[in-house]
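This briefing is meant for a reader who is meeting the structure for the first time. Please keep the sequence and the 3D view at hand while reading.

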Amino acid sequence: MNVILLGPPGAGKGTQAKRLSERYGFAHLSSGDLLRAEAQADTDLGREINSLLEQGHFVPDDMIISIVLSRFAQGGDGYLLDGFPRTLQQAERFDAALASNGRRIDAVLSVVVPDEQIVERILGRRSCTNCGAVYHVQFSPPQQADVCDACGGALSDRSDDTRDVLVQRLNAFHEQTEPLVNYYKARGVLHKIDGARDIDDVFADFCRVIDQVAGVHS
Ligand code: AP5
């Protein structure tokens with residue numbers, strides 16, 4: 001089963017993807033994490049990606065499609081895609097690539113959160129510089145301020161989590177990614193999730209939909 005998580009920045013895609021992967025054994029494929037890893041390389045490509053991310057601009061479709069497809073080339077099903085696709089061109093080319101291998105997307109979970117809540121979530125996010133675990137100063141705080149519960153690493157802000165860059169990221173989402181809702185609705189795989197609730201309640205909804213799609217009645 002291959003599942004896509006669709007939603008604005010700060011919708012909780014990464015938070016839920018981690019839990020879903022633990023429960024269902026999905027391979028979690030986060031386009032943002034893949035790009036941040038590439039951006040650390042001291043190369044022209046690394047610097048180009050870093051600059052785009054810091055301004056909240058999407059990387060070119062060709063670039064992200066090739067990165068994601070190289071992961072998919074290993075074959076098999078059971079992927080949870082977090083942050084990809086996020087343009088119509090990415091969605092169409094991804095569908096075509098999957099179909100040519102007899103594979104498909106089984107469910108697209110579209111997480112809906114109003115922009116006002118997004119601002120609060122993004123500005124309060126802290127991530128572990130060592131293991132990548134994600135916290136929120138108010139909604140999901142670590143036991144000790146600025147220290148990761150999981151590994152003891154230091155917590156820090158993401159460089160694109162500023163008010164100014166967030167405006168650009170939200171605009172990009174509304175203009176380029178939201179049209180995917182109708183694209184996947186027309187293909188009969190879209191499920192809307194109200195993401196403006198407690199993390200556990202949102203997770204329960206995700207599980208309900210995935211169990212339903214998988215034909216497991218819990
Ligand atoms: P990416 O890393 O994918 O960023 P994003 O889509 O902006 O999403 P975020 O990671 O910011 O948020 P999230 O939804 O995962 O929320 P989280 O769970 O952390 O991409 C980064 C950049 O890479 C993009 O801007 C773009 O430049 C580029 N890029 C990536 N993919 C691309 C593509 N396909 N094409 C082109 N460019 C691409 O939660 C956020 C906070 O809220 C946390 O603090 C969390 O603890 C808290 N929280 C989560 N859920 C709840 C809840 N229910 N209630 C209260 N708090 C909550």
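Which strands does α9 lie across, and at about what angle does α9 run to β8? In this predicted model, helix α9 lies across β1, β4 (107–112) and β8, and its direction is at about 160° to β8.

**The five-stranded sheet**

- Five strands, in the order β2-β3-β1-β4-β8, make up an open sheet in which the pairing is parallel.
- At the edges of this sheet stand β2 (27–30) and β8 (190–194), each of which pairs on one side only.
- Between neighbouring strands of this sheet the turn is 20° on average, when direction is ignored.
- Strand β1 (residues 3–6) is joined in the parallel sense to strand β3 (residues 79–82) over three bridges, and β1 also runs parallel to β4, with four bridges between them.
- V3 has a bridge partner in each of these two neighbours, namely L80 in β3 and A107 in β4.
- β4 and β8, which run parallel, are joined by five bridges.

**Strand β4 and residue S110**

- Of the six residues of β4, five are buried, and the strand is therefore largely enclosed by the rest of the structure.
- S110 is found in strand β4, where it stands opposite K192 in β8.
- Is S110 buried or exposed? With a relative accessible area of 5%, S110 counts as buried, because the cut-off for that class is under 20%.
- When neighbours within four places in sequence are left aside, the residues in contact with S110 are L6, V181, L190, H191, K192 and I193.

**Helices α1 and α9**

- Helix α1 lies across β1, β2 and β3, and its direction is at about 170° to β3.
- Helix α1 (residues 13–24) packs with helix α9 (residues 199–214) at an angle of about 50°, and the axes of the two helices are 10 Å apart.
- The two helices, α1 and α9, are therefore oblique to each other, and the crossing in which α1 passes α9 is right-handed.
- On the α1 side the contact involves T15, Q16, R19, L20, R23 and Y24, while the α9 side brings I199, D200, V202, F203, F206, C207, I210 and D211.

**Helices α2 and α4**

- Helix α2 (residues 31–39) and helix α4 (residues 61–72) pack with their axes 11 Å apart and at an angle of about 105°, which makes α2 roughly perpendicular to α4.
- In this contact, S31, L34, L35 and E38 come from α2, whereas I64, I67 and R71 come from α4.
- The residues of the contact of α2 with α4 comprise four nonpolar, one polar and two charged.

- Strand β5 (residues 125–128) is paired with β6 in the antiparallel sense over three bridges, and R125 stands opposite H136 in β6.

**Local features of the backbone**

- Which residues are joined by a cis peptide bond? The bond is between F84 and P85, with an omega of about -5°, and P85 has its place in the loop between β3 and α5 (88–99).
- D146 lies in the loop between β6 and β7, and its phi is near 65°, which is a positive value in a residue other than glycine.
- With a relative accessible area of 46%, D146 is partly exposed.

Methods
Residues numbered from 1 in each chain as written. Predicted model: local features only at pLDDT ≥ 70, side-chain atom pairs only at ≥ 80, totals over all residues. Heavy atoms only, no water. Axes fitted to C-alpha atoms, helices over the stretch in contact; angles between N-to-C directions. Parallel < 35°, antiparallel > 145°, perpendicular 65-115°, else oblique. Left-handed = near helix turned anticlockwise from the far one by under 90°. Contact = heavy atoms within 4.5 Å. Pairing = 2+ DSSP bridges. Buried < 20%, exposed > 50% of the residue type's maximum accessible area, 1.4 Å probe, protein only. Nonpolar A, V, L, I, M, F, W, Y, C, P; charged D, E, K, R; others polar.
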